[in-house]
Amino acid sequence: VILSTAAATTRSTMMKITVLTLLAGSAYSFSPAANSVRSSALNAEKSQAMPFLNKPALLDGSMAGDKGFDPLGLSTIDDVGIDLYWLREAEIKHARVAMLAVAGALQVEVFGPAPGCEMATAKCQTDAFWQIWSAHPQYIAASLVLITIVEAVSGIAATTGRESGDRAPGDFGLDPLGFCKGDVAKADRLKLQEIENGRLAMWAAMGLLVQGSTNHMGGLEALGAALNDNSF
């Protein structure tokens, strides 16, 4: 009886050891995969603009001014006729328009209205627009026609360029002074300067429109008033 009991106890102990060994082996077999996933998440390259977020997959730094800033994930859209190529084309276009708009708004504020627009005497360019509309609405109509033509041409270029892959976004081959010819490093630097100044100009244009619609002052006029009111 004693021997039988001892044998049973031994078998029970051996079974427990076997089960624990199998469980330990199973846990060990799964742990490297889990560690690998955690390691991949921790080692993912971070966005230069937002270091607490992972860098978007498509923003690989190949485009001028790419800092990995895409908190809304717009660069991943590709199912509604809009993709990264289209978004880049739109950004460059609006950057160029904004630079022209800001330069034009400040120019007429300092030097006065352009020939043929003498009625636009307001420093605030939103008010000057309505002065021109009241006196010569055909100017505004002609501008809309010109904008439509430019948009049609640029839209065709963007569509065919996206399909063929032979055209970079925003590239219309317009370089009469040869700034982007020869020195690749110089060309890349100029592309970076264009997009960074264009982004700044978009903020400036939005500021001119908002403050002009609220206080009806020109940009430089509002800046002078702000400095005067807040000077010590």
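Here is a friendly conversation about how some descriptions of this predicted model are reached.

User: What makes up the protein, in helices and strands?
Analyst: The protein has 6 helices and 0 strands. Read from the N terminus, its elements run α-α-α-α-α-α. Of its 232 residues, 20% count as buried. The accessible surface comes to about 16500 Å², and 68% of that belongs to carbon and sulfur atoms.

User: How do you know that the span of H4 is close to the expected one?
Analyst: Let's set the two values side by side. Helix H4 covers residues 137-164, which is 28 residues.

User: Which residues of H4 are called buried, and what do they pack against?
Analyst: Buried means under 20% relative accessible area. In H4, the residues that count as buried are Ile140, Ser154, Ala157, Ala158 and Gly161. The buried residues of H4 pack against helix H2 (84-111) and helix H3 (125-135). Just after H4 comes Gly165, with a positive phi of about 75 degrees.

User: Why is H3 called roughly perpendicular to H4?
Analyst: Two packed helices are described by the angle between their axes and the distance between the axes. For H3 and H4, the angle is about 105 degrees and the axes are 5 Å apart. Angles of 65 to 115 degrees count as roughly perpendicular, so H3 is roughly perpendicular to H4.

User: Which residues meet where H3 packs on H4?
Analyst: From H3 come Phe129, Ile132, Trp133, Ser134 and Ala135, and they meet Pro137, Tyr139 and Ile140 in H4. By class, this contact has 7 nonpolar, 1 polar and no charged residues.

User: What makes H2 and H6 roughly perpendicular?
Analyst: The axes of H2 and helix H6 (residues 219-230) cross at roughly 75 degrees and come within 8 Å. That angle falls in the range of 65 to 115 degrees, so H2 counts as roughly perpendicular to H6. Leu106, Glu109 and Val110 of H2 make the contact with Gly219, Leu220 and Glu221 of H6. Sorted by class, there are 3 nonpolar, 1 polar and 2 charged residues.

User: Why is His216 called partly exposed?
Analyst: Buried means under 20% and exposed means over 50%, with partly exposed in between. His216 has 47% relative accessibility, so it counts as partly exposed. His216 is found in the loop between helix H5 (184-215) and H6.

User: What is the phi of His216?
Analyst: Most residues other than glycine have a negative phi. His216 is not a glycine, yet its phi is positive, at about 55 degrees.

User: How many of the contacts in the protein join residues 24 or more positions apart?
Analyst: Among contacts with a separation of 6 or more, residues 24 or more positions apart account for 51%.

Notes:
Residues numbered from 1 in each chain as written. Predicted model: local features only at pLDDT ≥ 70, side-chain atom pairs only at ≥ 80, totals over all residues. Heavy atoms only, no water. Helix = DSSP H or I, 4+ residues; strand = E, 2+ residues; numbered from the N terminus. Expected span 1.5 Å × (residues − 1). Buried < 20%, exposed > 50% of the residue type's maximum accessible area, 1.4 Å probe, protein only. Contact = heavy atoms within 4.5 Å. Axes fitted to C-alpha atoms, helices over the stretch in contact; angles between N-to-C directions. Parallel < 35°, antiparallel > 145°, perpendicular 65-115°, else oblique. Nonpolar A, V, L, I, M, F, W, Y, C, P; charged D, E, K, R; others polar. Areas by Shrake-Rupley, 256 points an atom, 1.4 Å probe, with all protein chains shown as cover.
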